[in-house]
Amino acid sequence: MTRATTAQMPTAVAAPPAGFLPNPFHYVHHHITHFEGEDAFNWMVDSPHFPLLIATGYVMMVHIMPRLLDAVVPGSKLIPGVSIVIPIWNLFFSVGSCVGLLYCLPVLYRVVLTTDRDLPGLAPKKDWKTGAWDYDPHVRGGVYTSLCYWNRSFFLDGPTGFWLVTFNLSKILELADTLFLVLKRKPVPFIHWYHHTTVMLFCWHAHVSSISNGLGFAVMNMAVHSLMYFYYFMCACGLGNVARPFAPMVTLLQLVQMFAGMLLVLYTTGLYLLHPKGCDTSAASLAFGMGIYFSYIVLFIKLYRDRYGRKRRERRDRCEA
């Protein structure tokens, strides 16, 4: 039996004061802060085939759809409407990442820095080793707690529970980034479709495994994506000349994220193996994360060198000539 199905007492979240946010934002905020994620969690646990089918169909689309488009619409003619949808799509993900970050970052900050007293609002928790229930958890914050303590008040319910499940499921929606590349008749590089596929599978696996360091991964990714998708939005709006100087920074941010993700996995693995209290995560998730982050580091270093290292060398050679 999973942790989520046995924990029947969601964390109570105080309602925002009257007039805190204007409608409809007040309604949305109220829904987010009172979110209960057990149904979504159980559906994901019971549907392991779903991300595999999505991944299979996605890879087939990457390799087959360009040929079908060439057969149906010869030449390089663009599909009508794509140029209108893409800016809206990118702005949607940029704004969504910003809003999710505003909800999740303060919680992570509070968990890391509340070292002098117990964390408030913790839900009853079942010990994953002994099976014993703790109906009144007393846990102090800190780096260890932020990486190795799973509680449904953070990961299943409330605002962070809402944004974590939204974040993980949004990786399926992000596969449409590739669809837009195909519809624009642009090549889909290996790093693009490999990254999208493995991130989607990893996020699904991490959520159903109830990993305890997921909030750190999500906050880091939301921060980078809020900037990255806004950069894409500017390019899609025809502001490439304004946005182009920031292109190396966007790629560099992605590369920094990969190194930070690898460090997060390695540090959590050390706690999982060596800390006397253990860690509320799974060996499979740690191995999965270590493998994909290593591959991302290799691929993004190559991407950065291919895109910007050569250009810098060419400019230097022209100056010397």
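# Helix packing and a disulfide

Trainee: Over residues 246-274, how far apart are the end C-alpha atoms?

Mentor: This is a predicted model: local features need pLDDT of at least 70, side-chain atom pairs count only at pLDDT 80 or more, and totals for chains, interfaces and linings use all residues. Residues are numbered from 1 along each chain as its sequence is written, and side-chain values use heavy atoms, with hydrogens and water left out. Helices are DSSP runs of H or I with at least four residues, strands are runs of E with at least two, and both are numbered from the N terminus. Residues 246-274 are 97% helix and 0% strand, and the end C-alpha atoms are separated by 42 Å.

Trainee: Which residues does UniProt list for "transmembrane region"?

Mentor: UniProt positions follow the numbering used here, feature names are shortened, and annotations may be inferred rather than shown by experiment. The entry is unreviewed, and its listed residues are 81-109, 162-183, 190-208, 246-274 and 286-304.

Trainee: How are helix 5 and helix 8 oriented to each other?

Mentor: Axes are lines fitted to C-alpha atoms, for helices over the stretch in contact, and angles run from 0 to 180 degrees between N-to-C directions. The axes of helix 5 (residues 82-113) and helix 8 (residues 158-173) come within 10 Å and cross at roughly 150°. Angles under 35 degrees count as roughly parallel, over 145 as roughly antiparallel, 65 to 115 as roughly perpendicular and the rest as oblique. Helix 5 and helix 8 are therefore roughly antiparallel.

Trainee: By class, what makes up the contact of helix 5 with helix 8?

Mentor: Contact means heavy atoms within 4.5 Å. Among the residues making it are Trp89, Phe93 and Gly96 of helix 5 and Pro159, Thr160 and Trp163 of helix 8. Ala, Val, Leu, Ile, Met, Phe, Trp, Tyr, Cys and Pro count as nonpolar, Asp, Glu, Lys and Arg as charged, and the others, Gly among them, as polar. The contact of helix 5 with helix 8 has nine nonpolar, four polar and no charged residues.

Trainee: Left-handed or right-handed: which is the crossing of helix 8 and helix 10?

Mentor: The axes of helix 8 and helix 10 come within 8 Å and cross at roughly 150°. A crossing is left-handed if the near helix is turned anticlockwise from the far one by less than a right angle, and right-handed if clockwise. For helix 8 and helix 10 the crossing is left-handed.

Trainee: How are helix 11 and helix 13 oriented to each other?

Mentor: Their axes lie 10 Å apart, at an angle of about 170°. Residues that meet include Gly216, Phe217 and Met220 in helix 11 and Ala247, Val250 and Leu253 in helix 13. By class, this contact has twelve nonpolar, five polar and no charged residues. Helix 11 and helix 13 are therefore roughly antiparallel.

Trainee: Which cysteine does a disulfide join to Cys148?

Mentor: A disulfide is a pair of cysteine sulfur atoms within 2.5 Å. By this rule the count comes to one disulfide. At an S to S distance of 1.9 Å, Cys148 is joined to Cys279.

Trainee: How many residues apart in sequence are the parts tied together by Cys148 and Cys279?

Mentor: The torsion about their S-S bond is about -85°, so the disulfide is left-handed. Cys148 lies in helix 6 (residues 143-148), and Cys279 in the loop between helix 13 (247-274) and helix 14 (283-320), so the separation of the tied parts in sequence is 131 residues.

Trainee: What is the phi of Arg185?

Mentor: Most residues other than glycine have a negative phi. Arg185 sits in the loop between helix 9 (176-183) and helix 10 (190-208). Arg185 is not a glycine, yet its phi is positive, at about 60°.
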